[in-house]
Amino acid sequence: MDDGHFATVEVHFDDLDAMGVLHNSRYALLVERATNTYWQRLGWSMDAAVSTFPEVLPVVREFMISFAVPVVGAGERVVHLWLDRLGTTSVVYGFRVLSDDRSVVHAQGHRVVVNLDPATLRPAPISDTMRASLVPLLRDTEVAAR
């Protein structure tokens, strides 16, 4: 599967447990860093005054991960992101945490993100601008089904 976004992320020494293995809670951080890399490249900022997407307030509703092969030691890894679903107010990201050469799948899962209205903190429709930025992440199977 080559669709989606691939981001190189750094596993730091302080991400490891006492055995030198990536702590289970740090996988979510790697996925978050990869997601931020994608959106920052497109102009998203936490400061709505300068963001390309001022109407966006993404919050994670669900995070599911299955571990396969432990990440041992610090260094570069790759996070592969794609969209399994693009809804009206939410998206379902699929992800894999890979070795730096992409030959080993360390973990995989999904992450559901809901867009909230910044004023009401209630689910809000994904804007056309945001939707256009999400389309490149759609898996080929999702695009074919539309």
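Which helices and strands each supply at least two residues of the lining of the largest pocket? In this predicted model, the contributors are the helices α1 (26-41) and α2 (128-134), together with the strands β2 (58-67), β4 (90-98) and β5 (105-115).

**The largest pocket**

The space in the largest pocket amounts to about 460 Å³. Its lining consists of 26 residues, and those lying nearest the centre are Trp44, Val56, Leu57, Pro58 and Val113. Sorted by class, the lining comprises 18 nonpolar residues, six polar residues and two charged residues.

**The sheet**

Strands β2, β4 and β5, which contribute to the pocket lining, also belong to an open sheet of five strands. The strand order in this sheet is β1-β3-β4-β5-β2, and the pairing is antiparallel. The edges are formed by β1 and β2, each of which pairs on one side only. From one strand to the next, the twist averages 25°. In general terms, strands of a sheet pair through backbone hydrogen bonds, in either a parallel or an antiparallel arrangement.

The edge strand β2 pairs with β5 in the antiparallel sense over nine bridges. Within this pairing, Phe67 has Ala107 of β5 as its bridge partner.

**Salt bridges**

Side chains of opposite charge can pair when their charged atoms come close. The count for this model is three salt bridges, which are listed below.

| Salt bridge | N to O distance |
|---|---|
| Arg26 and Asp15 | 3.1 Å |
| Glu32 and Arg111 | 2.4 Å |
| Asp84 and Arg139 | 3.7 Å |

The salt bridge between Arg26 and Asp15 links distant parts of the chain: Arg26 is in helix α1, whereas Asp15 is in the loop between β1 (5-11) and α1, and the two are eleven residues apart. Arg26 is partly exposed, with a relative accessible area of 27%. Asp15 has a relative accessibility of 2% and therefore counts as buried, the cut-off for that class being under 20%.

Helix α1 also holds Glu32, whose partner Arg111 is in strand β5, 79 residues apart from Glu32. Both elements supply residues to the lining of the largest pocket. Is Arg111 buried or exposed? Arg111 is buried, at a relative accessible area of 6%, while Glu32 is partly exposed, at 30%.

The salt bridge of Asp84 with Arg139 joins strand β3 (residues 75-86), which holds Asp84, to the loop between α2 and α3 (140-145), which holds Arg139; the pair therefore ties together parts that are 55 residues apart in sequence. Asp84 is partly exposed, with a relative accessible area of 31%. Arg139 likewise counts as partly exposed, at 26% relative accessibility.

**Positive phi values**

Most residues other than glycine have a negative phi. Where in the chain is Arg102, a residue other than glycine with a positive phi? Arg102 is placed in the loop between β4 and β5, and its phi is near 70°. This residue is partly exposed, with a relative accessible area of 45%.

Leu121 also has a positive phi, near 60°, and is placed in the loop between β5 and α2. At 53% relative accessibility, Leu121 counts as exposed, because that class begins over 50%.

Note on methods. Residues numbered from 1 in each chain as written. Predicted model: local features only at pLDDT ≥ 70, side-chain atom pairs only at ≥ 80, totals over all residues. Heavy atoms only, no water. 1 Å grid on protein atoms, 1.4 Å probe; cavity = no way out; pocket = protein on both sides within 12 Å on 5 of 7 lines; lining within 4 Å. Points joined across faces, edges and corners; volume = space filled by probe spheres on them. Helix = DSSP H or I, 4+ residues; strand = E, 2+ residues; numbered from the N terminus. Nonpolar A, V, L, I, M, F, W, Y, C, P; charged D, E, K, R; others polar. Salt bridge = Lys/Arg side-chain N within 4 Å of Asp/Glu carboxyl O. Buried < 20%, exposed > 50% of the residue type's maximum accessible area, 1.4 Å probe, protein only. Pairing = 2+ DSSP bridges. Axes fitted to C-alpha atoms, helices over the stretch in contact; angles between N-to-C directions.
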